[in-house]
Amino acid sequence: MMPTWGMWVILGVLLLFRGLLAAIEAALHAISDTDARTLADKSSAGRRVSALKADPEATAAALRTGMVLSGFMAAAIGAMVPPRLLDVSLARFSESTILTSFTPLFSALLVALVATLLDMSLRSAALQRAEA
């Protein structure tokens, strides 16, 4: 079985990956088409940005799919971490179905809240950089 610190590391990586995808999406929406064409003339990275701007629906769908999948994976891992962190065996509380039901649910909702806050902060930072 994986140690608790390993779960925290994987959880953090998944949340940062989700935030990075949100920042990429915000930066692509913030850059204008003329700026993308100007970047395409200057470098190969600019050509990639221009190619992503050329098909915005497919790009947005791919980015959002990655965000949803990484969020679900983080929520699933987050549902397992608190009981292991507290060294609480939920089998001891098998009489209390409320506790066994709500502990993983609360953990998953907490991870979803952190993921949303991270998305919003990285997205606003990307928009501010794109405007500058």
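Begin with the salt bridges, of which the structure holds two; a salt bridge here is a side-chain nitrogen of Lys or Arg within 4 Å of a carboxyl oxygen of Asp or Glu. This is a predicted model, in which local features need pLDDT of at least 70 and side-chain atom pairs count only at pLDDT 80 or more, while totals for chains, interfaces and linings use all residues. Residues are numbered from 1 along each chain as its sequence is written, and side-chain values use heavy atoms, with hydrogens and water left out.

Select arginine 64 and glutamate 25, whose side chains meet in a salt bridge at 2.8 Å, N to O. Arginine 64 lies in helix α4 (residues 56-85) and glutamate 25 in helix α1 (residues 4-30), so this pair ties together parts that are 39 residues apart in sequence. Helices are DSSP runs of H or I with at least four residues, strands are runs of E with at least two, and both are numbered from the N terminus.

Next, select lysine 53 and aspartate 33, whose side chains form a salt bridge at 3.8 Å, N to O. Lysine 53 belongs to helix α3 (residues 44-54) and aspartate 33 to helix α2 (residues 33-42), so the pair ties together parts that are 20 residues apart in sequence. Aspartate 33 counts as partly exposed, at 44% relative accessibility.

Now move to isoleucine 77, which has its place in helix α4 and counts as buried at 13% relative accessibility. Leaving aside residues up to four places away in sequence, isoleucine 77 touches Met7, Ile10, Leu11 and Leu14, where contact means heavy atoms within 4.5 Å. Select valine 111 as well: isoleucine 77 and valine 111 are 34 residues apart in sequence, and their C-alpha atoms are 8.9 Å apart in space.

Finally, show the whole chain, whose secondary structure comes to five helices and zero strands, running α-α-α-α-α from the N terminus on. Of its 132 residues, 30% count as buried. Among contacts between residues at least 6 apart in sequence, 78% join residues at least 24 apart.

Notes: Buried < 20%, exposed > 50% of the residue type's maximum accessible area, 1.4 Å probe, protein only.
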